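Subject: Structure handover

Hello,

Here is the structure we spoke about, followed by notes on what came out of it. Please read the notes with the model open.

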Amino acid sequence: MDALRDLPATTDETLDPSGWSDVRALSHRIIDDAIDYLSNVRERPVWQEMPNDVKSAFEGSLPHLPMPLDDVYGHVAKNVMPYPMGNIHPRFWSWYMGSSNFTGALADFLAAVQGSNLGGGNHAAVSMDTQVVNWCKEMIGFPSSASGTLVSGGSMANLIALVVARNVKTGVNIREDGVAAIESPLRFYASDQVHSCHRKAVEALGLGNSALRRLPTDVELRIDVAALRAAIAEDRAAGFQPTCIIASAGTVNTGAIDDLQALANVAAEEGLWLHVDGCIGALLAIAPANAHRVSGISRADSVALDPHKWLHAPFEVGCVLIRDASAHRGAFAVSPEYLEWAPRGLASAAWLHEYGLQTTRGFRALKVWMALKEHGIEKFGRLIDQNIAQARYLTRLIEQEPLFELVAPTSINIVCFRYSLKGMTDVARKALNIEIMLRLQE
Ligand SMILES: Cc1ncc(COP(=O)(O)O)c(C=O)c1O
């Protein structure tokens, strides 16, 4: 005891606020500001260029000494909040993405307050994460025996699925022996409209960009199924190993939806994995007037979907579902000694990190869960139908306007059009349309 008493006293510095009542007042102000920010969004421009003094505010050096939180927030309010990307604005009609929602923002706050690590364990956030994955299965008609995981977004969801497809279909112990053990080069097939994240995925899988064979599309920009069959036959004859078809349920360029039933038939006949990139369109399955357009999605071996698109969850949250749960776990599970399962207590539940690449995982489920509970799935389905009706309305307006021209068929909620004067060269037309776009933004 005497020896202990002789130890130097430990400091008890913490990151807690110096006074909870001050931070309470500031927090209330931040919430009030946030509500004003959202309720007045229509009164602000969608996007605006940052003035030079704002740009230079991000060039300051590493802070060594403290600053009152009020002042810190003052910087955010002045230099960050007025200069958003703009995608929460009702008039943001630029790239394809979701527009967040306030309930989700509250959920992200609460998730950070609770601070749980969704690597796994026996706690409520893990149960909720599992429930949200189960709801995603239900939304697209996947069996309850399937597995899934919430990830940062569609790119990661697709990557996880393609890892499982590669590992299952090669027939070698790829986890142990690596891609060098693959006997004949693998081939993945997708349309020439496939999202760029698939290129990153096959490259990261060690297969190389040439392993992803892009196939021509029909007039609706859907994969040409006859060309797919021919490519598979040609590749087999040339000694390649056809492995996986990547169907697009909603391409990012035009919203085209591949014929999922036809692709499921080809995959079944040829023994290939069928992955559906449904980051945009998988959730059509919940929209009464449009669900038929993704019929066949439930036949896939894996599906990527993006709650941060048509469920408008705040970034980031994507989801991958894998029909064969043991193949999914088999592709990623490692059981280090510090994450050993225990019969009771905190370590007595599933380890969610065994279904993907992350160990520490954020509590993404809460923002999806709260918004789904608040609104119900039927409302989200109606909103998707409404969004498609809006795109059709815009398409009809463009058809009636002689100076505008549709450049691709409208399939879902993406309308591709341009301003077009008779007699203009393609180069001049493109330059003019880019200028119109830039002036609209500015
Ligand atoms: C069809 C498709 N796949 C994948 C992605 C990538 O998703 P994320 O941006 O969430 O990583 C997108 C993004 O728009 C997409 O449209």
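How many aromatic pairs does a search of the whole structure find? The search returns three. Please keep in mind that this is a predicted model.

Aromatic pairs

One of the pairs joins phenylalanine 404 and phenylalanine 417, with ring centres 5.4 Å apart. Their planes stand at 70 degrees, so this pair is edge-to-face. Phenylalanine 404 belongs to strand 8 (residues 404-406) and phenylalanine 417 to strand 9 (residues 417-419), so the contact ties together parts 13 residues apart in sequence.

Tyrosine 419 is partly exposed, at 23% relative accessible area. Phe404, Phe417 and Tyr419 form one aromatic cluster.

Ligand site

The ligand is surrounded by 14 residues, and the closest are Gly154, Ser155, Asp277, Asp306 and His308. By class, the shell holds four nonpolar, seven polar and three charged residues. Helix 7 (residues 154-170) gives the most to this shell, contributing three residues.

For aspartate 306, a polar side-chain atom lies 2.8 Å from a ligand oxygen. Lysine 309 has a polar side-chain atom 3.3 Å from an oxygen atom of the ligand. On its own the ligand has 390 Å² of accessible area, and the protein covers 85% of that.

Cysteines

How many disulfides are there? The count is zero, with a cut-off of 2.5 Å between the sulfur atoms. Cysteine 319 has its closest cysteine sulfur in cysteine 136, and the 3.9 Å between the two sulfurs is too far for a bond. Cysteine 319 is buried, with a relative accessible area of 0%. For cysteine 416, the closest cysteine sulfur is that of cysteine 279, at 18 Å, which is also too far for a bond. Cysteine 416 counts as buried as well, at 16% relative accessibility.

Regards

Conventions. Residues numbered from 1 in each chain as written. Predicted model: local features only at pLDDT ≥ 70, side-chain atom pairs only at ≥ 80, totals over all residues. Heavy atoms only, no water. Buried < 20%, exposed > 50% of the residue type's maximum accessible area, 1.4 Å probe, protein only. Near = heavy atom within 4 Å. Polar contact = N/O pair within 3.5 Å; in protein donor to acceptor, adjacent residues only side chain to side chain. Areas by Shrake-Rupley, 256 points an atom, 1.4 Å probe, with all protein chains shown as cover. Helix = DSSP H or I, 4+ residues; strand = E, 2+ residues; numbered from the N terminus. Nonpolar A, V, L, I, M, F, W, Y, C, P; charged D, E, K, R; others polar. Phe/Tyr/Trp six-rings, centres within 6.5 Å; stacked < 30°, edge-to-face > 60°.
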